[in-house]
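Biologist: I'm new to this one. Could you show me how to read its sheet and its core?
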Amino acid sequence: MVTRARERVATGPRPGKRPSSALAVITCMDTRVDPLQFFQSRPGDIHAIENAGGLVTGDVIRSLLVSQRYLGTRRVAVVMHTDCGLLGLDDHAEASAIADEAGVEIPFSLGGFGDLHQRLAESVLMVRATPILPHRNDVRGYIYDVETLRLSEVAIG
Ligand SMILES: [Zn+2]
């Protein structure tokens, strides 16, 4: 893997520190999700911020703040997807099961959700409503269908 990464850097143009498309993509860590592929990007084009679900958490806001304030991104895409591992997960039941097994409470929400469109809308609106972020005029939501491989923009607000 190390050799392959070095070869790619040696043959292609070297990515800069600042994303050339000024786009930050928040998305899920799912194996079928590839943030570079969504917007026909190459290394150096975007910031990809990934976690379980592609949810807008405190740490995602931290990364987005760094991305916008210090590294020049101005646009945000939140991409959630069909068949997500968090879809239908019962947060309360799972949190109690984990606490029973581990003997300690988890200090965060697992992030399970029941409605993909609704959860996506909440995330987009949360980014738009976060005043510490300098660029909130172009925050869009998308759903990626892991069966058809299509990315669709969802009108929000
Ligand atoms: Zn997912």
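Predicted model: local features only at pLDDT ≥ 70, side-chain atom pairs only at ≥ 80, totals over all residues.

Biologist: Okay, which residue in β5 is the bridge partner of Y142?

Modeller: That's E153. In general, strands of a sheet pair through backbone hydrogen bonds, either parallel or antiparallel. Here β4 and β5 are antiparallel, with five bridges between them.

Biologist: What is the order of the strands in the sheet?

Modeller: Read it as β2-β1-β3-β4-β5, an open sheet of five strands with mixed pairing. The edges are β2 and β5 (150-154); each has a single partner strand, so one side of each lacks a neighbour in the sheet. On average, neighbouring strands are turned by 25° against each other, direction ignored.

Biologist: And what lies across β1, β2 and β3?

Modeller: Helix α3 does, running at about 170° to β2.

Biologist: Now the core. How many residues does the largest nonpolar core have?

Modeller: The general idea is that in soluble globular proteins, nonpolar side chains tend to be buried together. In this model the largest nonpolar core has 26 residues, and A24, V25, I26, V76, A77, V78 and V79 have the most contacts inside it. Elements giving two or more residues to this core include β1 (23-28), α3 (58-71) and β3 (75-81). Take A77: beyond its neighbours within four places in sequence, A77 touches L23, V25, R140 and Y142.

Biologist: What about F108, buried or exposed?

Modeller: Exposed, because F108 has 10 C-beta neighbours inside 10 Å, and 12 or fewer counts as exposed. You'll find F108 in the loop between α4 (91-102) and α5.

Conventions: Residues numbered from 1 in each chain as written. Core = buried A, V, L, I, M, F, W, Y, C linked by C-beta atoms within 7 Å. Buried ≥ 20, exposed ≤ 12 C-beta atoms within 10 Å, placed from the backbone. Helix = DSSP H or I, 4+ residues; strand = E, 2+ residues; numbered from the N terminus. Contact = placed C-beta atoms within 7 Å. Pairing = 2+ DSSP bridges. Axes fitted to C-alpha atoms, helices over the stretch in contact; angles between N-to-C directions.
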